[in-house]
Amino acid sequence: MRMILLRHGLTAANRECRYLGRTDTPLCPQGVDALRRLPADPTVGLVVTSALQRTRMTASLLFPRAEQLPLSGFDEMDFGAFEGRTADEMASDGDYRRWVAGGCLGCCPGGEGMAGFQARVAHTFTGMLACLSGAPALAMVVHGGTLMALLSLYADPPADYFSGMVHPGEGYRAVLSLREGVPVLHRLQKVRGAEAWR
């Protein structure tokens, strides 16, 4: 299966470098304008998104004729008490400093940890593939963290979680294969918008 996996467009919180997870915020005007300058593909019939409006708005701009399948399991990581704050604002917050010192792997107070987040994304991804098996191609518009989780779990060659980070509106073109029943994403190439999708 050919895949394109994209991060949503820019939001006000992204522009201000705020942790943005569960908050259901729209794209900012600059984000909409930037997406309108990226390649779109009106031929795509289905695009998988998270349940949050920033992914659904992005999908509408990049895949204007596609039906959307929103799956909440692809929502961004829940940053709990860190949500909506910047690193500078939390410079003296002991919980935040401990979380960063631990490689951002532990649980955010009142939110998720890396292992739980990756397990949620993996469960959603494998369930989605089972429902959409046989499709020749699939487009996804999700979140930066969701993309990083997918690549860290399924990329070949293996990818470190943070190496999969991309800017808003960017992502990866890939080929999905099953190896002994396990999904593998290979032939990864960075893309902007829906460029070179077909």
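**Group meeting: a few residues worth a look**

Okay, let's begin with Ser60: at 40% relative accessibility, this residue counts as partly exposed. Keep in mind that what's on screen is a predicted model. Ser60 sits in helix H3, which covers residues 53-62. Its side chain makes a polar contact of 2.9 Å with the side chain of Gln68. Also, Ser60 and Val141 are 81 residues apart in sequence, yet their C-alphas are 9.9 Å apart in space.

Next up, Thr86. You'll find Thr86 in the loop that runs between strand S3 (67-70) and helix H4 (94-101). So is Thr86 buried or exposed? Buried, because its relative accessible area is 11% and the cut-off for buried is under 20%. Leaving out residues up to four places away in sequence, Thr86 touches Glu16, Cys17 and Arg18. And a polar atom of the Thr86 side chain lies 3.0 Å from the backbone nitrogen of Glu89.

Cys104 is buried, at 16% relative accessible area.

Glu180 also has a positive phi, about 55 degrees, and again it isn't a glycine. That one is in the loop between S5 and strand S6 (182-192). Glu180 is exposed, with a relative accessible area of 84%.

Last stop: which peptide bond is cis? The one from Asp156 to Pro157, with omega near 5 degrees. Pro157 belongs to the loop between helix H6 (144-154) and strand S5 (170-179).

Conventions. Residues numbered from 1 in each chain as written. Predicted model: local features only at pLDDT ≥ 70, side-chain atom pairs only at ≥ 80, totals over all residues. Heavy atoms only, no water. Helix = DSSP H or I, 4+ residues; strand = E, 2+ residues; numbered from the N terminus. Buried < 20%, exposed > 50% of the residue type's maximum accessible area, 1.4 Å probe, protein only. Polar contact = N/O pair within 3.5 Å; in protein donor to acceptor, adjacent residues only side chain to side chain. Contact = heavy atoms within 4.5 Å.
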